[in-house]
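Please look over the sequence and the structure before reading the points.

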Amino acid sequence: MIRLRILAAPVLIVLLAACGGAAQSGETFSIDISGDLTLTLSPGDYSASFSKDDTAAPLVAHVLWFGSSQPERAFTIIFYGAQPPAAGTFRLSDGLNTDAGAVSALLVDNAGDSVQTFIPGSGTVTLTQAGPTYSGSFEVTLAGGAFGVGPGAAEKTITVKGTFSGVSAE
């Protein structure tokens, strides 16, 4: 079951990459990635969205997405369940738990010679809500890397810290 969950997550990211568009008016975010991958995501080259995904029924999730189709990078926070998340602080599930109420995160970097995928180890996400608009912050530790590339390539650890505001739920 865990293997299925690990394989399903990158497919979800590919589907979600099409959701990204230009930043909405009033939408801001800043995401710093450090550790074995160093990167900053911010409006301009990257965009944000918060949408319901029920394409993998019976799994239903609400996905907070920060990414770009060029250079093919995406960081997502996934709230599993039929209802959008309420304001609050959420602890990430270890691994890729898809049970209702679970919260997961995933970073996919396809900008280099090989695809790197990172899944959660630990962290928290804090959401505030004003109508259909979300704001918040997060700090998560993810593990992974480039699978099948060679010894040690999939044994990387990164920390993703960020804040966002004005992201409208679709």
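The points below are grouped by topic.

This is a predicted model, in which local features need pLDDT of at least 70, side-chain atom pairs count only at pLDDT 80 or more, and totals for chains, interfaces and linings use all residues. Residues are numbered from 1 along each chain as its sequence is written, and side-chain values use heavy atoms, with hydrogens and water left out.

**Confidence**

- The average pLDDT (the predictor's confidence in each residue, from 0 to 100) is 84 for the protein, and 85% of the residues score at least 70.
- Helix α1 (residues 2–17) has the lowest mean pLDDT among the elements, at 40, while β6 has the highest, at 97.
- Helices (H or I, at least four residues) and strands (E, at least two) are DSSP runs, numbered from the N terminus.
- The pLDDT is below 50 over residues 1–24, a stretch with 30 contacts in the model beyond near neighbours in sequence; contact means heavy atoms within 4.5 Å.
- Where pLDDT is low, the predicted coordinates should not be read in detail.

**Nonpolar cores and aromatic rings**

- A nonpolar core is a set of buried Ala, Val, Leu, Ile, Met, Phe, Trp, Tyr and Cys residues joined through side-chain atoms within 4.5 Å.
- Buried means under 20% relative accessible area, exposed over 50%, and partly exposed in between (1.4 Å probe, protein chains only).
- The largest nonpolar core has 29 residues, of which Phe66 and Phe75 touch the most other members.
- Leaving aside neighbours within four places in sequence, Phe75 has contacts that include Ile31, Leu41, Leu64, Phe66, Leu107, Phe138 and Val160.
- A second, separate core has seven residues, among them Ala61, Ala74, Ile78 and Ala102.
- There are eight aromatic pairs, counted where rings of Phe, Tyr and Trp (its six-membered ring) have centres within 6.5 Å.
- Ring pairs join Phe29, Phe66, Phe75, Phe138 and Phe164 into a cluster.

**Salt bridge**

- The count comes to one salt bridge, defined as a side-chain nitrogen of Lys or Arg within 4 Å of a carboxyl oxygen of Asp or Glu.
- Aspartate 109 and arginine 73 form this bridge through their side chains, at 3.0 Å from N to O.
- The two residues are 36 residues apart and link distant parts of the chain, with aspartate 109 in strand β7 and arginine 73 in strand β5 (residues 73–80).
- Aspartate 109 counts as buried because its relative accessibility is 4%.

**Histidine 62**

- Histidine 62 belongs to strand β4 (residues 61–68) and is buried, with a relative accessible area of 7%.
- The side chain of histidine 62 reaches the backbone oxygen of glutamine 83 at 3.5 Å.
- Beyond residues up to four places away in sequence, histidine 62 touches residues including Phe50, Lys52, Ile78, Phe79, Gln83 and Pro85.

**Loops**

- Serine 93 lies in the loop between β6 (88–91) and β7 (103–109) and counts as buried because its relative accessible area is 13%.
- Not counting residues up to four places away in sequence, serine 93 touches Ala102, Val103 and Pro120.
- Glycine 148 is in the loop between β9 (133–145) and β10 (156–168) and counts as exposed, since its relative accessible area is 86%.
- Glycine 148 and serine 114 are 34 residues apart along the chain, and their C-alpha atoms are separated by 9.5 Å.
- Proline 58 sits in the loop between β3 (47–53) and β4, and the peptide bond from alanine 57 to proline 58 is cis, with omega near 15°.

Terms used:
Phe/Tyr/Trp six-rings, centres within 6.5 Å; stacked < 30°, edge-to-face > 60°. Polar contact = N/O pair within 3.5 Å; in protein donor to acceptor, adjacent residues only side chain to side chain.
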